[in-house]
Amino acid sequence: MGASSGGAFVGLLPSLDASSGIGKLACIVPEIMGVNTDVNEHVPTLFIHMPRDSHTAHAVKENIEDLTVRKVRTGELRAEPQKVSAQFLTKCLKEDQAQRLSKAFQEQHLVDSQGFLREDPRHRRWIATAESVLGFDAPDSLVADESCLAEVMNVAWAKHEFTAQFAEEIFDFCEGKELKLAQMAPGWKTELGPIEVFEFGPKQGPLAVAIHGMAKSMLHEWDHTAKALAEEGYHVLLPNFHSMLNGLTPGTISSDSVSIVVKDLMRQSSNNGISMLLGKSWGGGMASKISQDTALKVQKMVLVAPAELNPWPETCAVALFWAEDDAVVPIRKAETHPELQQKLTLFHKEKTGGHRVLDAYVPLIRHFSHQRAEAHKVELLQKEESAKRSAWNGLHTSFKVSLIGLLGLAVPGYFLYRRRGEKDARGKRLDAAKE
């Protein structure tokens, strides 16, 4: 195991042979760091990271994709931000100290209404509050990188910090057992049992739900989109349908069951409808089906290479994305539903990209999120933009025609004027010669 630069170091260990003195590795566990996957042909790798560190999250995503292609067993554990509650602070403080400090953090608005830190604790603005509350009873110096309290505050922020919260999962993975994914993050209760859900954005924002594809290795394909929508004010939920404990998985769970789960998540997020429903591949087919459930009140839908296309409510604006070289779900599948194509708000195609949620889709989805829900309103907006372009093109063409016309008059006139001048000059020379 290794964290940060230590994680990068353990990523190199699979390249060593027996002469190095290192025996057969059961696994490596890089934490909060991507690795060089080129040197790993067989050693199982478990990544632990904090998705708030988007740079590392992107590196880990690429590592998992590469190792999966190499048929190396991989796993991923994501450490999310934690509430700075009195119980959380007892890792470093006595119970009465923890309660007083937790209350002070709330009163000083260092945490939000849910108890999560409002800013990175490495800015150290919480220190003054801790010193005033704890005084001489402070358990340590509160110095960065050596203070217990400073370290757990960094863990609560969950951006780039070592954490030991997954000890059991680490040993299970290295012993060849399946990860207990439902233990990775607080489970959301549903009628079908608990499910792991990744959250982005403000809880009071309009609700967006993104459904992943069937491959477990591509579980976090919607992360970049979720972060972009979160910046637009959406509360984004990414349920992990691989984490259900009753044996239901993508491929075995029915669309009715998916609809039940999504409705339960919607209610728990204090929403009475879904502002945007997103789905890719298997998840796209599911989104297309469950959008017909009137209880969900889906306003907009984003589909990426959906495994199935089904009629959606007339009130739902739909954006469809596809790569023309997608070999898993070919784009010609869309051509079998011309009646649905006519109802699309947006159909964006990329020449290349395969069967993935491409980064090129993100700004378009973000723009789509701004539009009003009615499809015809967006189409009208697009026509107006086209009309503006056509008007400009027409003006540009008229200008070119006028310019050519002026040149057509000016050039012959210039040569006519020049010939007359030359003729007059010759006449004057002849008259002078006669004289």
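This is a predicted model: local features need pLDDT of at least 70, side-chain atom pairs count only at pLDDT 80 or more; totals for chains, interfaces and linings use all residues.
1. A residue is called buried when its relative accessible area is under 20%, and by that cut-off Phe-321, at 0% relative accessibility, counts as buried.

2. When the whole structure is searched, two aromatic pairs are found. One of them joins Phe-241 and Trp-282 in an edge-to-face arrangement, with 5.8 Å from centre to centre and 75 degrees between the planes. Phe-241 belongs to the loop between β8 (235-240) and α9 (255-268), while Trp-282 belongs to helix α10 (residues 282-290), so this pair ties together parts that are 41 residues apart in sequence.

3. Are the two partners of that pair buried or exposed? Phe-241 counts as buried because its relative accessibility is 1%, and Trp-282, with a relative accessible area of 9%, is buried as well.

4. Phe-321 and Tyr-361 also form an aromatic pair, which is tilted, with 4.9 Å from centre to centre and 45 degrees between the planes. Here too distant parts of the chain are linked, since Phe-321 is in strand β11 (residues 317-323) and Tyr-361 is in helix α13 (residues 361-370), 40 residues apart.

5. Lys-300 lies over the face of Phe-368, at 5.6 Å from the ring centre, and Lys-349 lies over the face of Phe-347, at 4.9 Å from the ring centre.

Technical notes
Residues are numbered from 1 along each chain as its sequence is written. Side-chain values use heavy atoms; hydrogens and water are left out. Rings of Phe, Tyr and Trp (its six-membered ring) pair if their centres lie within 6.5 Å; planes under 30 degrees apart count as stacked, over 60 as edge-to-face and the rest as tilted. Helices (H or I, at least four residues) and strands (E, at least two) are DSSP runs, numbered from the N terminus. Buried means under 20% relative accessible area, exposed over 50%, partly exposed in between (1.4 Å probe, protein chains only). A charge sits over a ring if NZ of Lys or CZ of Arg is within 6 Å of the ring centre and within 35 degrees of the ring normal.
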